[in-house]
Amino acid sequence: MNGSINGSHDYARVYVWEQPVRWFHWINAVTVIVLGATGWLIANPPAFMSETEASFSYWFGDVRFIHFAAAYVFTANFAFRLYWSLVGNKYSKWRNFFPLRRAQIRQIGDVLKVDILQSTQKPVHTVGHNSMAYFTYAGTGLLTVFQIASGFALYAPMSESWFPALFTWVMPLFGSEFSLRIFHYAVMWAFTVFTIIHVYLVFYHDYVEGHGVLSSMVGGWKFLEKKTIAAEEASGISPYPSKPTTPAPVAPTQVAKIN
Amino acid sequence: MNSTREVTENIPTVYEQMIARGVSRRDFMKFCAWMGAYLGVESSGIAQIAKAIETKRRIPVVWLHFQECTCCSESFLRSSHPIVADILLDKISLDYTETLQAAAGFQAEEILQDIITKHKGEYLMLVEGSVPLAADGCYCVVGGKSAIDTVKEVAAGAKAIVAWGNCACSGCVQAANPNPTRATPINAIIKDKPIVNVQGCPPIAEVMAGVLVHLLTFDRLPQMDSLGRPKAFYSRRVHDTCYRRPNYDAGLFVETFDDENAKKGYCLYKVGCRGPSTYNSCGTIRWNNGVSYPIQSGHPCIGCSEAKFWDNGPFYQRLTNFPGFGIEATADKIGLAVGAAAVGGALAHAVLTNVRKRDTIGEQPGEDNQKLDPNPTAAEDPKKS
Ligand code: HEM
Ligand code: SF4
Ligand code: SF4
């Protein structure tokens, strides 16, 4: 770093992604890849010119089984993340994902200018995700909800269980199962495109900004200037208090807020 | 139904009419057992069917024809059972049907008016064909009345409606994109009457007979799925009862219609079979007196008992055109294009980044990595922050 880290730059290690968030991220990543790959195989089974009789082989059935099993993990994992967005730290809170405050909307504009169009050089440094990223994840959340709803709607007729039966209302909205399958399939592509852009941008941010975003999803820590952290606290982008880890003295104002 | 008896006093029971036409008691009982089997009732239920047909005055039936090819009627006529084709459909149950009735012209229309006024609230309305709504319904006019007017008029006094076939249930080919006549299924027009959707293009004759017998004898609607199809016949996919299914699970697929795999009878999934998303009884009841069904003859299911099956084409392709993107635009083509754009965009962006942000990459605000700091203890560079 050519000696640029000197006394004037007060860095702090910030614990951003709690362990449950990180587990969610990687379980989600693995299940999306498994679901995408098995889904692709379901749609385009390769031609094995096998000489075996049907009674000796079940590989296509297995592929579908893996898809359905991964689907349950994917769904439970997502449900857990929804829960965690209520009880997790302020960077994982649900409100971050919805750009309803002016500061968030402004930041989305800034991120587009600085990182995508690169028309201005003033960097946007944030402790959690930037508002643009949070908003994008709200979008992938929607895709996830759609895949779960459409997937279990398609699965319901093959299952006796109560859970897929919760989604039987989805199919009539699309008129037929086939129409629903086309959309379930297309969203696989949406996930693929998201993954390409997502992985690129993570590398981009780590490369350009050097906060350690890439490793933050492993260890949970990011490295930022104290000034940046203070600025973010002041900007109101992530103002929602996290649950105190040590029992805090119950001040009357706090009680009022919690209620 | 308490008033049926008085209103239809002059109408004999179905049984009486059968006997009058020379059906023996034995054949009658066989018919009841046959219907009971299709309807999926227990053997004790067969007595119930027999009793109902013997004692219940039959319900007046009106069969309307609109935008259709009459394949539903044809299918019904070809039912393997003489009682279905000859007695149930032709001679006894139908009070009005454009295709088969002897009456014509004003006389025929009079009969229709007669039924809907005299038997208000009691008759069954069977509809074959869809209803065009474009241009005030002028694309289908019978006896000087547009289909839409007739449907509304007849439905108003109907006890229940049976929509025959894909046309009446979801518009079939005439409702395919761009649907020039705005062909509309019955359930999109009539909202306040129970409608039984007997899907298929055409529906299987035994299915049609089964639904009619159910309505005529039990006097209540059969159990239906979320799309209004009777569960007895539409609760399982063609795929669930397909004899080629073991090949599917084993991943043994026909690749082209003339390959070795086709001769071996492998699964038709990859040549476009819609069996996995089509609810019908083809795999169990089959067609033409149970002789065969399309898949057994080596042809993939085209999903004829599902809405929009014409639009979900091409038929012989597993993955089809994505709605809204024109012909020849499969989800794969769109996805690949967007994916390639994403990869290309990322590469271009990476290059751009290295050019535009050359000076600041990896820096925090206030740092300047480009220059060796001549004085390590010096404070920050005021120009940069
Ligand atoms: C990231 C999430 C997911 C992706 C990318 C994905 C992808 C796919 C793809 C590409 C197909 C093939 C569609 C076709 O060819 O018609 C498919 C089929 C299917 N998926 Fe998913 N899927 C996902 C999640 C789910 C979930 C959560 C479920 C819930 C059970 C599910 C259930 C199904 C079912 C039932 C089928 C039809 C399989 C068959 O009948 O053979 N999927 N999926
Ligand atoms: S031929 Fe069609 S219905 Fe039969 S197993 Fe294959 S995909 Fe299913
Ligand atoms: S196999 Fe499919 S397309 Fe053929 S008649 Fe049955 S449901 Fe219709």
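Predicted model: local features only at pLDDT ≥ 70, side-chain atom pairs only at ≥ 80, totals over all residues.
Let me start with ligand 1, which lies between chains A and B and whose space is the largest cavity. Four elements of chain A each give two or more residues to the shell around ligand 1, namely helix 1 (19–43), helix 2 (59–87), helix 4 (131–155) and helix 7 (177–209). The shell has 25 residues, and those that come nearest are A:Arg64, A:His67, A:Arg181, A:His184 and, from the other chain, B:Arg318. Sorted by class, 16 of the shell residues are nonpolar, six are polar and three are charged.

Which protein atoms are donors to the iron atom of ligand 1? They are NE2 of A:His67 and NE2 of A:His184, at 2.0 to 2.1 Å from the iron. Because the six donor atoms around the iron subtend angles of 82 to 180°, the arrangement is octahedral. For six octahedral donors, the ideal angles are 90 or 180 degrees. As A:His67 belongs to helix 2 of chain A and A:His184 to helix 7 of chain A, the pair ties together parts that are 117 residues apart in sequence.

Turning to polar contacts, a polar side-chain atom of A:Arg64 is 2.7 Å from an oxygen atom of ligand 1, and an N or O atom in the side chain of A:Arg181 is likewise 2.7 Å from an oxygen atom of the ligand. A:His67 has a polar side-chain atom 2.7 Å from a nitrogen atom of ligand 1.

The other two sites can be taken together. The residues surrounding ligand 2 include B:His239, B:Cys242, B:Cys267 and B:Cys273, and by class its shell holds eight nonpolar, two polar and two charged residues. Around ligand 3 we find, among others, B:Cys282, B:Cys301, B:Cys304 and B:Trp287, in a shell of six nonpolar and three polar residues with no charged ones.

Finally, the backbone of chain B. The peptide bond from B:Cys201 to B:Pro202 is cis, with omega near -5°, and B:Pro202 sits in the loop between strand 9 (195–198) and helix 10 (205–218). A cis peptide bond also joins B:Gly313 and B:Pro314, with omega about -5°, and here the proline is in the loop between helix 13 (260–264) and helix 14 (331–356). B:Asp136, in the loop between strand 4 (131–132) and strand 5 (141–142), has a positive phi, near 55°. Most residues other than glycine have a negative phi, and most peptide bonds are trans.

Key:
Residues numbered from 1 in each chain as written. Chains lettered and ligands numbered in written order. Heavy atoms only, no water. Near = heavy atom within 4 Å. Polar contact = N/O pair within 3.5 Å; in protein donor to acceptor, adjacent residues only side chain to side chain. 1 Å grid on protein atoms, 1.4 Å probe; cavity = no way out; pocket = protein on both sides within 12 Å on 5 of 7 lines; lining within 4 Å. Sits in = over half its atoms within 2 Å of the grid points. Nonpolar A, V, L, I, M, F, W, Y, C, P; charged D, E, K, R; others polar. Donors = N, O, S within 2.8 Å, 3.2 Å for Na, K, Ca; no water. Tetrahedral: all angles 85-135°; square planar, octahedral: opposite > 155°, others 65-115°.
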